[in-house]
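Please read it alongside the sequence and structure displayed below.

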Amino acid sequence: MTLNPFNVTCIFFFGSLVLSFGYLLINRFTKNAFKKYWKIIIVLILANIAMKIPYKSSFFDGMEYEDSYIYKASARALYEGRYEFSAINPYYPTSCVYGSLKDCKMSGIFVINFIGYPYLINLGYRLFGYQRNIANIVSLVFSGLSVAVVFIVALLMIDQVLFAVISCMVYITIPIFNVYASTSLTEPLSNAYLILVLLLYLTFLNSASEGKRLLLKNILGLFAIAFSMIFSILVKTTNIS
């Protein structure tokens, strides 16, 4: 059986979630940190989301037409069963640029990034039906999750709660992150996965230094890092560098 690019993306997305969650759950430091500071983490996540919701306007999709359109259009074509893979590279997002989904005269591709983000938007459509703001909500959710990961990373670097909270507040209040956090651009999802990869890597280094008795845990950590890194590349090609 030949896997199409969206099947491959599905494997790496859900694989990264399961492997990362499992690895962080069995790691003593991260498990204790979440258990001890979960209330602070939830408050920081809610504060992050509260600062990024447009209360008196609609969601901002981005200044660039390609970025603000191509992902939603690709996801909708996939959701409605009318997606056509690019002959140049099947991992490039494609959408109808002339005509309609039912009668498309010409398709276009976006060669900057891959299909990871349209795939997640498509999952949102399948869960909640087609809604124009699903892509923005996906970005908002991953922006919120990023704060939790930043908190744990800060604790790993300097074991001080105040430092972790300040790090999160810097992340929450920096204007550029507020601008992009709820857009239909790839940045929020990409940032979330890059921070996750950093957390997994730092956790892996700590576990590996404890000795051979943690060999199986280390293998799980390596798979978690690999799957998360590959999915981050499927979201944004520049993550490969």
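Cys168 is buried, with a relative accessible area of 0%; buried denotes under 20% relative accessible area, exposed over 50%, and partly exposed the range in between, using a 1.4 Å probe and protein chains only. The model is a predicted one, in which local features need pLDDT of at least 70 and side-chain atom pairs count only at pLDDT 80 or more, whereas totals for chains, interfaces and linings use all residues. Residues are numbered from 1 along each chain as its sequence is written, and side-chain values use heavy atoms, with hydrogens and water left out.

**Cysteines**
- Cys10 is partly exposed, at 26% relative accessibility.
- The number of disulfides is zero, where a disulfide is a pair of cysteine sulfur atoms within 2.5 Å.

**Overall fold and dimensions**
- The chain contains nine helices and two strands; these are DSSP runs numbered from the N terminus, with helices (H or I) of at least four residues and strands (E) of at least two.
- In sequence order, the pattern is α-α-α-β-β-α-α-α-α-α-α.
- The radius of gyration of the chain is 19 Å, close to the 18 Å given by the globule rule for 241 residues, so the chain is as compact as a globular protein of that length. The radius is taken over C-alpha atoms, and the rule is 2.2 Å times the number of residues to the power 0.38.
- The C-alpha trace spans about 60 × 50 × 30 Å along its principal axes.

**Burial, contacts and surface**
- Of the 241 residues, 47% count as buried.
- Of the contacts between residues at least 6 apart in sequence, 71% join residues at least 24 apart; a contact means heavy atoms within 4.5 Å.
- The accessible surface of the chain is about 12,900 Å², and carbon and sulfur atoms account for 67% of this area. Areas come from the Shrake-Rupley method with a 1.4 Å probe; for residues, only the protein chains shown count as cover.

**Strand S1: Ser95**
- Ser95 lies in strand S1 (residues 94–99) and is buried, with a relative accessible area of 4%.
- Leaving aside residues up to four places away in sequence, Ser95 touches Tyr69, Ile70, Ala73, Ser74, Met106, Ser107 and Gly108.

**Strand S2: Ile109**
- Ile109 belongs to strand S2 (residues 104–109) and is partly exposed, at 34% relative accessibility.
- Together with Ile88, Val111 and Ile112, Ile109 forms a nonpolar surface patch of about 370 Å² accessible area.

Technical notes
Patches are made of residues with over 30% relative accessible area and no salt bridge: like charges are joined within 9 Å, nonpolar side chains (Val, Leu, Ile, Met, Phe, Trp, Tyr) within 5 Å. A salt bridge is a side-chain nitrogen of Lys or Arg within 4 Å of a carboxyl oxygen of Asp or Glu.
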